[in-house]
Amino acid sequence: MADAKPLVLDVDGTFLKTDLLLENFWAGLGRDPLATLRASFRHLRRPERLKAALAEIAPLRTDLMPVNPDIKALAEGSVAAGREVVLASASNTALVERVAREHGLSERVFASTGEINLKGAAKAGVLVEAYGEQGFDYAGNAPVDAKVWDHAENVIMVGKQPSLAARLAAKGRNVVTFGGGWRFADLAKALRPHQWVKNALLLLPLLAAHQFGLDALLPVLVGIVAFSFAASSIYIVNDLLDLEADRLHRTKRRRPFAAGTVPIGVGMVIGVALGLSSLILAAALNWAFFGIVVLYILTSLAYSLKLKRMRWVDIVVLASLYTIRVIAGAAAGEVAITSAMLVFVFPVFITLGCVKRITELAKAEDDARLPGRGYGRPDRHDLLNVAGIGVFGALLIFFIYTLSPQAEALYPDRWLLWAATPFLAHWLIRMVRLGWQGKMDYDPIVFAARDRVGLGVMLFTMSLMFWAAGLWQEWFGG
């Protein structure tokens, strides 16, 4: 390539592995949702004004954003050779100037202002005016960049676009291609399918009611699929709202959207598709279940937007989201759920919510508040105390339940329920202890599903409860 000519780099999807407009939109939703939505609707047809408005609502940490290593290396090599490397982007000029400063590129940038959206033909026009026809080399990643490549001497293309590359080569352009795009494996990681194990909580009402027939089980399994789709759509929203916080985190920085391995736009489309699929499945079951799924989605959105940053409130909301799954299982299977069961599971989930935060703090590197959360390491003992109260409350409620007429009717050998209580206590206390030591996953229920010792304790506890109910005798005779 001609070293005397400037190297012009697109920003979104080329120099950066992300999109500044979408970054600004999600950062704005996290900081001021109403102002962000008002600006989005007001300037929907004027993207240049939208970009300027969003940049004012939520300043971005562009220094944390993922960079395309190939284009970064090309830029650094060109700068070292004395060549001018210039950023040209449809993103807001203030953000583009910041990216240029942070990476040691030319102070001269071409970008959108509040009056001009510098994209496609408009970008080509200002570059030709500045450098002349074929007076520059240009790196881009999207079909719209063809309008600029038509006027550049050399073409740097990020991602495979074979037909466009062939057309440019036929015009005599030298085309150099770098890798780009995204993988379905990374998208699958963003959906967090390992978290779907939490939706097994929908089975609890069937177990409690001793309903094991297919007529009750099949709709609950459909409900589990619906909740899994809804949960994955919320995980995407949560990750997009937490981009900056995740990039500051020791392990969460590797999440697909934070790392730039999956485009934000792809995540938005998949998130909407999963949410709609969840609602369609829910409506196909029954309207009570549909209403619960809607409640779950709205509560999860409120948690992602605001509540997760509020101390103690976030733990109550986490416990509520787990409890909603139990209620949903009863609605899907159309079985009755007792108030005793809800009163028992809620303190269990309060304990697990505390364990989640205790685990995060145990793995924290300093006493500062966790990124995007309201807790720091000095809060560990308070969380431990609340977890202890949750354990005591759950065990007390379970014991009181064993003395109730309902328990007497369902469990002829109630002494086995009392025998199961120490094992239930051991499981809860062990979860708290492992969280305090930082020896578990960031989500305690996901950890519990993979913990062999804990699974063994819970299976033995459930065996005692089945025996107390006479189910072993009913199934196997004798």
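The structure holds 19 salt bridges, a salt bridge being a side-chain nitrogen of Lys or Arg within 4 Å of a carboxyl oxygen of Asp or Glu. The model is predicted: local features need pLDDT of at least 70, side-chain atom pairs count only at pLDDT 80 or more, and totals for chains, interfaces and linings use all residues. Residues are numbered from 1 along each chain as its sequence is written, and side-chain values use heavy atoms, with hydrogens and water left out.

The protein chain contains 23 helices and 6 strands. Both are DSSP runs numbered from the N terminus, helices being H or I of at least four residues and strands E of at least two. Along the principal axes, the C-alpha atoms fill a box of roughly 90 × 50 × 40 Å. Of the 478 residues, 51% count as buried. Buried means under 20% relative accessible area, exposed means over 50%, and partly exposed lies in between (1.4 Å probe, protein chains only).

Several salt bridges were examined individually. R255 pairs with D246, and their closest N and O atoms are 3.4 Å apart. D246 has 3% relative accessibility and therefore counts as buried. K252 and E360 also form a salt bridge, at 4.0 Å from N to O. This pair links distant parts of the chain. K252 sits in the loop between α12 (243–247) and α13 (256–259), while E360 belongs to helix α17, 108 residues apart. K252 is buried, at a relative accessible area of 12%. E360 is buried as well, at 5% relative accessibility.

A salt bridge also joins the side chains of R311 and D379, at 2.8 Å from N to O. R311 lies in the loop between α15 (287–305) and α16 (313–333), and D379 lies in the loop between α17 and α18, so the pair ties together parts 68 residues apart in sequence. R311 is partly exposed at 30% relative accessibility. D379, at 13%, counts as buried. Salt bridges with shared partners join R192, D239, D246 and R255 into one network.

Helix packing was examined next. Two packed helices are described by the angle between their axes and the distance between the axes. Axes are lines fitted to C-alpha atoms, for helices over the stretch in contact, and angles run from 0 to 180 degrees between N-to-C directions. Helix α17 (residues 339–362) and helix α18 (residues 380–402) have axes that come within 8 Å and cross at roughly 160 degrees. That makes α17 roughly antiparallel to α18. Angles over 145 degrees count as roughly antiparallel, under 35 as roughly parallel, 65 to 115 as roughly perpendicular and the rest as oblique. The crossing of α17 past α18 is left-handed: the near helix is turned anticlockwise from the far one by less than a right angle. Ala, Val, Leu, Ile, Met, Phe, Trp, Tyr, Cys and Pro count as nonpolar, Asp, Glu, Lys and Arg as charged, and the others, Gly among them, as polar.

α20 packs with helix α22 (residues 452–468) at an angle of about 160 degrees, their axes lying 9 Å apart. α20 is thus roughly antiparallel to α22. α20 passes α22 in a left-handed crossing. Residues of α20 including L416, F423, W427 and R430 meet residues of α22, among them V453, M458, F460 and W467. The contact of α20 with α22 has 15 nonpolar, 3 polar and 1 charged residues.

Two single positions complete the description. K439 lies in the loop between α20 (415–436) and α21 (444–450). K439 is exposed, with a relative accessible area of 54%. Leaving aside neighbours within four places in sequence, K439 is in contact with L434 and F447. The C-alpha atoms of K439 and D314 are separated by 22 Å, the two residues being 125 apart along the chain. S228 is placed in helix α11 (residues 214–241). S228 is buried, at 6% relative accessibility. Not counting residues up to four places away in sequence, S228 touches W196 and N199.

Conventions: Contact means heavy atoms within 4.5 Å.
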